[in-house]
Amino acid sequence: MKILKYNITTISVLVIALIFQILFQPIKLLAQATSFDEVTWTEDKGKTYSSDTGIITNEYYDGLELKTKDGAVRIIKYEQIQNPIKYERTGGIKGEIINDFRKINEAQAKGDFKQSLDLCNKIIAIPQLRLIFKQTALYHLALSYQNINQFDKATQAYDELIKAFPTGRYIRQVYLNKSECILLVKNLQAALDVLDEAKIELSKLDNIEKKFMFEIDLRKAMLFENNGKLDSANASYNNLISKATTELPILARARIGKGRIALKNKNYPEAERVFTTVIDMERSDEVLSIAAAYNGRAECTLAASPSPTPEIYKNALLDYLRSELLYPAPEGESTLEEENATYNAGLCWDKLAQSSSDQKKKQYFNNNAKVLYEKLVQRFPSSPLVSLAQKRLNELSK
């Protein structure tokens, strides 16, 4: 199972962006407020709202612990927060830590995980380091190890996070990431055991979202699927579809899983039906699922024909272009579907050019293919499809 590099838009413990995104992506961090690690929140008191300010003393999976100006300690839910946190370029140890977190973000975005490891270790080694800094440094230390395939060390860091911060702001993602590492270090059953442990431990937390329990079940289904256990995966996806009726993002992803399994089993009519069901949802907040559904339906169109005709390539092309143009990956989320749509749309143009005897059309089709291949190479340089796109670009340029 390939571990994708995480593209986190901003990294720091002083964070308050706080929506748990689809596809298990890490929480985005924002920056803007009145003073260093200070937050303003509101409380609903009947029909009126009052506000106050406080200093962050800890972060949890569903909110922040704040010390107010009168010394009281409060737990404030993320949805109550009025303003995100300001990253001040201050002198002294706080300023150095903030700058180091910025450098970690830049290093991970470039794929320089050695630098991010060094910076994380530098922060963790600071005497009497505040817990909110240690928590984030440990998390990104684990991510860095995971992205350079040092899964044992990544697992150790995730275990330390679970032990030290059992209710921490990263706890949900920690279990999901740990399961990926364990899969590669040990086996499928060990990875599934991690997810079962997560359900047990997280169910003990107050106000844990039911949605997240579904997300754990979704991850289990995906592990089954990716490891060739298609019957178990299909049963898990069916279970989610029957239970997660009000969680539309989960429902859409479970249906995508069923469509992929039907496609692998060469049941093309069923796969197309499932993908079309997701497309018909047409909800903007399920961008990745709709992109995956268009890609899946295009793949059905091509796979169902042993010798695709130009008309079949055109039909597949339309779905790939819908995915690529209408549903690009939101910032900070997985670009896998966008990469697939970009490359395969280029490939469809390429095939149309090869089948055309009209030189003007042939040139037009080739130019469109080159545009998409070049887009893939430039925008997604780490994509496994880049080598294929670059090869065709070289051949088309001869």
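1. To begin with the cysteines: how many disulfides does the count come to? The count comes to 0 disulfides, taking a disulfide as a pair of cysteine sulfur atoms within 2.5 Å. Please keep in mind throughout that this is a predicted model.

2. Cysteine 120 counts as buried because its relative accessibility is 0%. Cysteine 348 is buried too, with a relative accessible area of 2%. Both values can be set against the cut-off for buried, which is under 20%.

3. Now the overall picture. The protein has 15 helices and 4 strands. Of its 398 residues, 52% are buried. The accessible surface comes to about 18,900 Å², and carbon and sulfur atoms account for 50% of that surface.

4. On contacts along the chain, consider the pairs of residues at least 6 apart in sequence. Of the contacts between such residues, 58% join residues at least 24 apart.

5. Helix H11 spans residues 287–303 and helix H13 spans residues 336–355. Their axes come within 9 Å of each other and cross at roughly 30°. The crossing of H11 and H13 is left-handed.

6. Which residues make this contact? From H11 come Leu288, Ala291, Ala292 and Asn295, while H13 supplies Glu337, Asn340 and Ala341. Sorted by class, the contact of H11 with H13 has 4 nonpolar, 2 polar and 1 charged residues.

7. Next, have a look at threonine 155, which lies in helix H4 (residues 151–164). Is threonine 155 buried or exposed? Threonine 155 has a relative accessibility of 10%, so it counts as buried, given that buried means under 20%. Leaving aside residues up to four places away in sequence, threonine 155 touches Lys178, Cys181 and Ile182.

8. A last stop is tyrosine 170, found in the loop between H4 and helix H5 (171–185). Tyrosine 170 is buried, as its relative accessible area is 6%. Which distance separates the C-alpha atoms of tyrosine 170 and glutamate 59? The two C-alpha atoms are separated by 9.0 Å, although tyrosine 170 and glutamate 59 are 111 residues apart along the chain.

Definitions and conventions
Residues are numbered from 1 along each chain as its sequence is written. This is a predicted model: local features need pLDDT of at least 70, side-chain atom pairs count only at pLDDT 80 or more; totals for chains, interfaces and linings use all residues. Side-chain values use heavy atoms; hydrogens and water are left out. Axes are lines fitted to C-alpha atoms, for helices over the stretch in contact, and angles run from 0 to 180 degrees between N-to-C directions. Helices (H or I, at least four residues) and strands (E, at least two) are DSSP runs, numbered from the N terminus. A crossing is left-handed if the near helix is turned anticlockwise from the far one by less than a right angle, and right-handed if clockwise. Contact means heavy atoms within 4.5 Å. Ala, Val, Leu, Ile, Met, Phe, Trp, Tyr, Cys and Pro count as nonpolar, Asp, Glu, Lys and Arg as charged, and the others, Gly among them, as polar. Buried means under 20% relative accessible area, exposed over 50%, partly exposed in between (1.4 Å probe, protein chains only). Accessible areas come from the Shrake-Rupley method with a 1.4 Å probe; for residues, only the protein chains shown count as cover.
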